Amino acid sequence: MIRIDSVTKRYPDGTVAVDRLSLEIPDRSVTVLVGPSGCGKTTTLRMINRMVEPSEGSILLDGQDIRQQPVNTLRRSMGYVIQNAGLFQHRTILDNIATVPRLLGRPKREARARAAELMERVGLDAALAKRYPYQLSGGQQQRVGVARALAADPPVLLMDEPFSAVDPVVRKGLQDELLRIQDELGKTIVFVTHDIDEAIKLGTKVAVLRTGGRLAQFAPPAELLSAPADAFVEDFLGADRGIRRLSFFPAAGLELQTAPVVPIDADAGRLASGAAAPYLLVTDADGRPLGWSEPDRLTAGAVDRERLLDFGRPFVPDTDSLRTALDGAVLSPTGWAVAVDGEGRAVGVVSQQVIGEAIRDAHGRVAARADAKAGR
Ligand SMILES: Nc1ncnc2c1ncn2[C@@H]1O[C@H](COP(=O)(O)OP(=O)(O)O)[C@@H](O)[C@H]1O
Ligand SMILES: [Mg+2]
């Protein structure tokens, strides 16, 4: 665990970049530092690997003051990734990644084998190994940066706005990749960003800093969204806080109705008997949804696929959130969301009203937990 204990950084010109900051950064999770430009994020990160020394306070790594070990040993235990990757332009991709193992005295062959393994881990095609950084896209370079930081297998990764310079689609891919790597390798990641959505997506816990390097709130993302500490945090979180928070409530508990789901080749009599629902979801022979129909249209004869109503975007109850389910219901012209299994086969439907009740229940549970925590 990294413990930042009442740390202040005053630069020689008098700028207070970080002001009495205390944070406990848990092992094997992603802790995000987020805040507007100039709020002291980079300074904080650099104090963790001693590229910047605190003016006051101390930083502990596994209970030991980081000043008690040689700075090189400390840095070896901490991979560092920056915006635009900071690659060596005159070295191939493979040799960029092999840099640290080589510095640590590993034989060239072994270091390169390790680099090749890491390329695969971060989703880089082996064919890129002999290229130079300028021959890669921004997103690919960023992956190289991550691979290089992982090369010496450090327990800690410090990442300073690593994905800020790439376009939103590539960025989403990099974020997903980071979460996957974290899942597999269990690193302790301290991730800096100015983008609150990135913070909420990646962070196990998120520290919101305000200008002057003061901590505004340190909490899991769902708690930030439900209970921002003050107007600054609320403003920084931005619009649609309530809707975004639904991402943290699983859709698994939703009660699905199967009666309105009918296969396209079912006989008309059986279809008519399901007419308690205002709409029926027609599926193909494999159970994949085709669209909605009013029951009496189905009983009239063969199903005209062209006339079925679009079923919006289905959700997977086991893995999706109430946000995705609600989105599906809102997008569906019938107001009912379609639930599918991993293979895309309809497993049931659920109305906006039922989703609404599930949301209220989830809010109730969160409030009860908060009360319990506060000893109320
Ligand atoms: N070497 C430096 N000397 C003087 N002031 C600095 C130095 N580095 C950063 N600062 C100032 O410290 C504050 C925090 O900077 P920084 O940690 O880079 O913020 P962030 O990464 O959140 O944008 C800013 O006001 C910045 O101008
Ligand atoms: Mg910065």
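In what order do the six strands of the open sheet lie? The order is β6-β7-β8-β3-β9-β10, with mixed pairing; two strands pair if DSSP finds at least two bridges between them. Strands and helices are DSSP runs, numbered from the N terminus, strands (E) having at least two residues and helices (H or I) at least four.

A word on provenance. This is a predicted model, in which local features need pLDDT of at least 70 and side-chain atom pairs count only at pLDDT 80 or more, while totals for chains, interfaces and linings use all residues. Residues are numbered from 1 along each chain as its sequence is written, and chains are lettered from A and ligands numbered from 1 in the order in which they are written.

Returning to the sheet, its edge strands are β6 (78–82) and β10 (214–219), each pairing on one side only. β6 pairs in the parallel sense with β7 (residues 156–160) over five bridges, and I82 has D160 in β7 as its bridge partner.

Let us turn to a helix pair. Helices α14 (residues 322–331) and α15 (residues 352–373) pack at about 155°, their axes 10 Å apart; axes are lines fitted to C-alpha atoms, for helices over the stretch in contact, and angles run from 0 to 180 degrees between N-to-C directions. α14 is therefore roughly antiparallel to α15, a term for angles over 145 degrees. On the α14 side, L322, A325, L326 and A329 meet Q352, I355, A358, I359 and A362 of α15, where contact requires C-beta atoms, placed from the backbone, within 7 Å.

Terms used: Angles under 35 degrees count as roughly parallel, over 145 as roughly antiparallel, 65 to 115 as roughly perpendicular and the rest as oblique. Two residues are in contact if their C-beta atoms, placed from the backbone, lie within 7 Å.
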